[in-house]
Amino acid sequence: MSEIIQIKCPFDGAILSVKNQPGIENKNVTCPICKHKYPFSEFKFVSGEGNGVNNGNGNYRSIHNDEPGATELPKMNFTIGKISFLDNGISYQLHPGRNVIGRKSLRSEADIQIDTAGKRSMSREHIVIEVKKVPIKGFVHYLTLYKEKVNPTYIREEQVLYGDCIILSHGDIIKLPDAILKFEIPDEEATDI
């Protein structure tokens with residue numbers, strides 16, 4: 001009978017119980033709470049006896065949260081973020097749920113439509129920033145591509161690929177074709193000037 005281990009979801013902190021079996025470190029796990037799919041290596045072990053990974057020959061290799069490569073939970077925010085255009089300073093407040101961003105067009109269904117002055121490198125629906133409230137933790141903002149075939153898009157100087165789900169942090173620069181955006185979390189406690 002396989003040992004049951006407890007792991008913590010890197011997105012929402014939910015505690016999951018999974019069977020510890022050979023090759024588990026090479027599998028993906030879907031959190032039943034947030035529905036995100038992550039490689040097993042992204043999950044943190046919950047403290048307790050017997051936490052480790054079966055190496056396939058009946059021996060267990062202990063994994064601790066302070067080992068190199070262990071991931072921390074993303075910092076949670078209690079304020080919904082906004083995006084600002086670096087070239088003109090115009091800002092748009094994001095809202096809970098899906099925020100679709102793309103090129104301004106009569107046929108665009110994007111929530112935030114960017115005027116690209118006639119350039120058509122950006123798709124009408126190019127990226128999605130989803131804002132999800134996680135109980136007790138606050139709001140999490142994550143970016144995905146709207147569809148598989150779009151011109152190159154970058155965040156933190158890394159190209160975003162279809163299927164990537166990137167948790168945004170304050171100050172992240174998002175490079176779209178024909179526009180550069182900055183993601184910001186407004187400071188609730190800042191003094192109004």
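Two strands are said to pair when DSSP finds at least two bridges between them. In this predicted model, six strands form an open sheet in the order S9-S8-S18-S17-S14-S15, with antiparallel pairing. The mean pLDDT of the protein chain is 78, and 78% of its residues reach 70 or more.

**The open sheet**

- Strand S9 (91–93) and strand S15 (158–159) stand at the edges of the sheet; each has a single partner strand, so one side of each is left without a neighbour in the sheet.
- Three bridges join S8 and S9 in the antiparallel sense, and the bridge partner of Ser 84 in S9 is Ser 91.
- S8 also pairs with S18, in the antiparallel sense and over four bridges; here Ser 84 stands opposite Lys 182 in S18.
- S17 and S18 run antiparallel and are joined by four bridges, with Leu 176 opposite Ala 179 in S18.
- The hairpin of S17 and S18 has two residues between the strands, and Asp 178 takes a positive phi near 75° there.

**Nonpolar cores**

- The largest nonpolar core holds 25 residues, and Ile 101 and Ile 174 have the most contacts inside it.
- At least two residues of this core come from each of strand S8 (82–85), strand S11 (112–114), strand S12 (127–134), strand S13 (138–145), strand S17 (173–176) and strand S18 (179–184).
- Another core, of 18 residues, lies apart from the largest one; Val 29, Cys 31, Phe 45 and Val 134 are among its members.
- When neighbours within four places in sequence are left aside, the residues in contact with Ile 174 include Ile 127, Ile 129, Leu 143, Tyr 154, Ile 155 and Leu 168.
- Ala 179, Ile 180, Leu 181 and Phe 183 are also among the contacts of Ile 174.

**The aromatic pair**

- The count of aromatic pairs comes to one.
- Phe 85 and Tyr 92 form this pair, which is edge-to-face, at 5.7 Å centre to centre and with 80° between the planes.
- Phe 85 is buried, with a relative accessible area of 7%, whereas Tyr 92 is partly exposed, at 31%.

**Confidence along the chain**

- Confidence in the protein chain is highest in S17, at 96, and lowest in strand S7 (residues 60–62), at a mean of 35.
- Over residues 48–76 pLDDT stays under 50, and the model has 57 contacts beyond four places in sequence for these residues.

Note on methods: Residues are numbered from 1 along each chain as its sequence is written. This is a predicted model: local features need pLDDT of at least 70, side-chain atom pairs count only at pLDDT 80 or more; totals for chains, interfaces and linings use all residues. Side-chain values use heavy atoms; hydrogens and water are left out. A nonpolar core is a set of buried Ala, Val, Leu, Ile, Met, Phe, Trp, Tyr and Cys residues joined through side-chain atoms within 4.5 Å. Buried means under 20% relative accessible area, exposed over 50%, partly exposed in between (1.4 Å probe, protein chains only). Contact means heavy atoms within 4.5 Å. Rings of Phe, Tyr and Trp (its six-membered ring) pair if their centres lie within 6.5 Å; planes under 30 degrees apart count as stacked, over 60 as edge-to-face and the rest as tilted. pLDDT is the predictor's confidence in each residue, from 0 to 100.
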